[in-house]
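I opened this complex to take notes on its parts.

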Amino acid sequence: MRTGFFAAQKLDTPIHKLSGITKLLCFLILTGAVMFSYDLRVILCVMVFSFIVLRISKITFSQIKLMVIYVVVFLAVNALLTFLFSPAYGTEIYGTRHVILELFGKYDITTETLFFIITKFTKYLSVIPLGMIFLLTTDPSELASSLNAIGVHYKIAFSFSLTLRYFPDIQRDYRDISQSQQARGLEMSNKAKIWDRFKRALSIILPLILSTLDRIETITNAMDLRGFGKYKKRTWYSKRKMDRGDAVALLISVVLLLGTLIVSVFINHGRFYNPFI
Amino acid sequence: MKTEPIIAFKDFSFQYFSQSEPTLHDINLEIYPGEKIMIAGPSGSGKSTLGHCLNGLIPFSYKGEIKGSLKINGQETKDQDIFRLSKIIGTVLQDADGQFVGLSVGEDIAFSMENDRVPQEEMKERVLKVSKMVDMDRWLTSSPYELSGGQKQRTELAGVMIDDVDVLLFDEPLANLDPATGKQAIEIIHDIHEESHKTIIIIEHRLEDVLHREIDRIIILNDGRIIADMNPHELISSNILSETGIREPLYVTALKYSGISISAKMYPGHIETLNMSDSMKSALVEWYKSVEFDNHDTSRSRVIEIDDVSFSYEKGKEVLHSATFQITEGEMLSLVGRNGAGKSTIAKLMCGFEKENKGRIFYKGEDIADKSIKERAERIGYVMQNPNQMLSQPMIFDEVALGLKLRQIPEEEIEKRVKKVLIICGLAPFIKWPVAALSYGQKKRVTIASILILNPKIIILDEPTAGQDYKHYTEIMEFLRKINALGVTVLLITHDMHLMLEYTPRSVVITDGDIICDEAASVVLTSPDIIDRANLRETSLYTLAQISGIEDETAFVQCFIDYERQVKHK
């Protein structure tokens with residue numbers, strides 16, 4: 001119960017050594033590149049790259065198992081919905097129509113739509129590991145300074161890191177309150193009716209809000225007494241210095257972004273890679 | 001003294017806008033640089049408000065009307081701002097956990113420098129230097145979850161000292177600490193005072209604990225007025241403590257029981273300075289010999305048996321190792337040990353909140369492994385430390401009735417039972433009141449009532465008196481004793497040594513998941529080894545017995561306990 005949520009581990013890999021800002025910027029640059037491009041070849045390159053980085057940062061599968069399951073389910077649903085709402089989208093984009101399987105009405109499976117859906121699926125799949133790497137290898141206390149460095153106001157950035165700081169406490173409060181309510185006789189099973197479930201949630205949330213408000217008052221006083229908000233800017237104790245590793249990481253990201261742009265402009269003449277013409 | 005006072009209140013009054021009466025009246029007080037002051041008083045006496053006036057939370061965060069003047073370093077505080085004041089007066093708040101702002105020790109210590117835009121290299125340097133002063137330099141990268149209460153408090157202290165303030169203000173520094181850590185805290189404050197000659201102000205109601213080290217002056221507040229301003233020896237030989245309901249040191253109580261009248265000439269402020277004449281010593285010994293020992297009845301049946309129980313939250317990290325002990329029907333006992341020792345875990349296992357990995361728990365001889373949380377609650381009640389975490393209904397009646405309503409008991413019976421339990425808990429007049437209108441102690445009683453309504457045979461209370469002054473402490477504990485007299489077995493999870501001494505004849509001590517002692521409180525509190533391992537501290541009665549040449553210190557402590565019980569319940 002000590003770490004809970006974003007359990008950034010203190011490992012000694014090249015990725016952990018990067019500063020939070022670098023990781024955030026690389027994440028944003030690469031996400032930009034992948035989101036811009038619909039070229040499967042380019043996306044696959046980034047995907048391979050992000051899996052290599054995942055490997056380097058020594059993140060184990062058990063750490064990200066839950067997130068992976070969520071992502072895969074989400075992507076599958078997303079792909080299905082894309083097909084249901086616009087089964088002919090691939091044809092609209094690529095201008096050709098090769099039917100693989102004829103279903104009812106307009107729901108024919110075409111190579112074009114299939115290709116589009118696969119492209120989109122890979123897009124997400126190449127970006128999500130990068131997000132996980134950022135969250136799992138960045139010290140939570142560095143998150144705030146990283147956000148602040150890319151222009152987020154420090155009060156907002158700090159409230160973000162404070163949320164992380166108090167998340168485990170509130171989680172623990174929730175568990176304690178829920179246990180004591182169960183002892184009173186509250187049924188936690190999902191068999192209860194909607195109205196009962198609502199009342200049940202209320203009887204846990206009310207004490208939780210009250211105890212959280214107490215916490216907020218204490219922390220606000222503590223922060224006031226130590227000069228939070230005195231100036232328009234502040235410095236950060238846990239901000240990491242940029243060094244060569246950061247420069248290399250940023251360079252790789254920028255090269256990948258430029259590569260994507262070059263492929264789009266000079267080879268594909270657009271955001272899409274069209275293998276059908 | 002020739003120097004100018006660093007703090008000067010003159011005809012100072014303060015009234016919160018939300019209150020109809022002033023909280024502080026006509027305060028006149030001067031504090032000089034380098035003094036070490038204790039501000040004491042019962043809850044609601046205005047001592048915290050006085051602290052807030054000093055550090056600027058009043059009037060900058062809590063609004064209200066100020067009359068008269070408060071000058072710090074010769075400047076009127078209301079013309080300044082909280083940031084400037086925080087550079088002169090550094091405050092260590094009582095809840096070290098709640099005010100831990102950073103995600104690591106180093107970051108937390110640096111917090112105020114970050115806000116002052118100090119460059120990073122300088123911050124690192126200064127953090128290292130200050131953390132050494134409080135012995136936290138090896139923990140700079142640790143997160144608050146890896147620290148003990150004392151370590152968190154030392155971090156807070158470092159975070160305040162980093163600004164090189166002139167005055168250190170401690171707001172109830174002992175509130176959340178176990179006895180040994182509290183003792184260390186007082187020693188650290190003392191060392192800092194010796195080394196830096198900063199002005200120290202300690203706001204506390206635990207007089208004996210603060211007097212573990214020297215104090216220049218004690219200011220007593222009552223109903224918003226200063227009623228005493230004297231040195232510890234004068235204060236203890238006066239009647240002021242008993243009049244204001246502040247607990248006097250135990251050794252003083254013992255001396256009084258033996259008919260010795262306390263005078264300032266005896267230097268009674270600290271047990272170390274106490275000067276007893278031979279006639280006084282023999283008076284004490286006489287008294288000790290005259291007290292009749294209570295017979296402790298141990299022939300009753302067992303209500304709970306914990307048999308060889310082990311438990312771990314995470315694989316490989318066992319927090320309870322083969323614990324075995326029994327609870328006798330109708331007894332009132334305490335479960336003590338440092339934070340994280342496994343006390344609450346035992347309670348949670350008994351209530352079924354967690355499931356033991358090994359061993360069995362019996363209720364009246366019956367294995368309750370297959371009983372649900374709800375079923376166990378009808379036998380074993382659990383009252384959490386913070387009433388705000390238990391109260392889920394806006395009205396008192398509904399709160400107390402909740403357990404019955406959720407068990408589909410008919411309306412008429414619910415009403416009858418709620419009325420009955422509210423009478424027992426002294427809350428009958430409030431039956432139609434909203435919970436929000438009650439004081440902390442009353443809320444506590446509502447939570448106890450809401451558990452008692454299910455007629456459990458045993459109730460477990462987690463730190464029932466934490467943060468309470470002597471008066472409220474006595475109120476809550478006498479109430480529990482009454483419940484106990486009605487036949488309900490009471491298990492108290494605590495590290496309050498007074499509570500152990502005064503209310504629980506038997507104490508079970510747990511350390512690092514092992515039960516290391518199961519004895520009378522008088523034995524526990526006079527065994528140096530147990531005291532050390534469980535983060536307790538020895539009672540001043542033990543020292544008093546030694547000073548007076550009484551050989552069996554344990555018997556002396558037991559004599560004190562029995563005598564006190566006889567006096568109180570005659």
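My entries follow, in the order I looked things up.

**Entry 1: confidence.** I noted first that this is a predicted model. I looked up the scores for the complex and found an ipTM of 0.83 and a pTM of 0.84. For chain B I read an average pLDDT of 91. In that chain, 99% of the residues score at least 70. I kept one caution in mind: where pLDDT is low, predicted coordinates should not be read in detail.

**Entry 2: domains of chain A.** I looked up the division of chain A. Domain 1 covers 14–139 + 240–268, and domain 2 covers 153–225. I then took the centres of domain 1 of chain A and domain 2 of chain A over C-alpha atoms: 35 Å separate them.

**Entry 3: domains of chain B.** Chain B is divided into three pieces in my notes: domain 1 (7–237), domain 2 (249–290 + 547–570) and domain 3 (302–546). Between the centres of domain 1 of chain B and domain 2 of chain B I read 34 Å, over C-alpha atoms. Their contact takes nine residues from domain 1 of chain B and ten residues from domain 2 of chain B. Which elements give two or more residues to the domain 1 side? I found α8 (207–210) and α9 (232–236) of chain B. The largest share of that side, four residues, comes from α9(B). By class, the domain 1 side has four nonpolar, three polar and two charged residues.

Entry 4: I looked at β1 (residues 7–16) of chain B. β1(B) pairs with β2 (residues 24–31) of chain B in the antiparallel sense, over five bridges. β1(B) also pairs with β4 (residues 64–72) of chain B, again antiparallel, over eight bridges. I followed one residue through both pairings. B:Phe9 has B:Leu29 as its bridge partner in β2(B). In β4(B), B:Phe9 stands opposite B:Leu70.

**Entry 5: a hairpin.** Strands β9 (residues 217–222) and β10 (residues 225–230) of chain B pair antiparallel over five bridges. B:Leu221 stands opposite B:Ile226 in β10(B). How many residues lie between β9(B) and β10(B)? I counted two in this hairpin, and B:Asp223 in the turn has a positive phi of about 50°.

**Entry 6: a four-stranded sheet.** I traced an open sheet in chain B with the order β12-β11-β14-β15 and antiparallel pairing. Its edge strands are β12 (317–328) and β15 (366–367) of chain B, each pairing on one side only. Eight bridges join β11 (residues 302–314) of chain B to β12(B). Within that pair, B:Glu305 has B:Gln326 in β12(B) as its bridge partner. Helix α13 (residues 343–351) of chain B lies across β11, β12 and β14 (358–363) of chain B. α13(B) runs at about 110° to β11(B).

**Entry 7: a six-stranded sheet.** Another open sheet in chain B has the order β16-β17-β18-β13-β19-β20, with mixed pairing. I marked β16 (380–383) and β20 (514–520) of chain B as its edge strands. The twist averages 20° from one strand to the next. β16(B) pairs with β17 (residues 458–462) of chain B in the parallel sense, over four bridges. There B:Tyr382 stands opposite B:Ile460 in β17(B). Helix α17 (residues 440–452) of chain B packs on the sheet, touching β16 and β17 of chain B. The direction of α17(B) makes about 165° with that of β16(B).

**Entry 8: a helix pair in chain A.** I checked α2 (residues 20–36) and α6 (residues 111–137) of chain A. They pack at an angle of about 175°, with axes 10 Å apart. That makes α2(A) roughly antiparallel to α6(A), because angles over 145 degrees count as such. The contact residues of α2(A) include A:Leu24, A:Phe27 and A:Leu30. Those of α6(A) include A:Val127, A:Leu130 and A:Phe134. The contact divides into seven nonpolar, four polar and two charged residues.

**Entry 9: the interface.** Last, I looked up how the chains meet. 48 residues of chain B are in contact with 44 residues of chain A. On the chain B side, α3 (82–86), α4 (105–115), α5 (120–133), α14 (373–377) and α15 (396–405) each supply at least two residues. The largest share, seven residues, comes from α4(B). By class, I read 23 nonpolar, 18 polar and seven charged residues on the chain B side.

Technical notes
Residues numbered from 1 in each chain as written. Chains lettered and ligands numbered in written order. Predicted model: local features only at pLDDT ≥ 70, side-chain atom pairs only at ≥ 80, totals over all residues. Contact = placed C-beta atoms within 7 Å. Nonpolar A, V, L, I, M, F, W, Y, C, P; charged D, E, K, R; others polar. Domains from an automatic or database assignment. Pairing = 2+ DSSP bridges. Axes fitted to C-alpha atoms, helices over the stretch in contact; angles between N-to-C directions. Parallel < 35°, antiparallel > 145°, perpendicular 65-115°, else oblique. pLDDT = per-residue confidence, 0-100.
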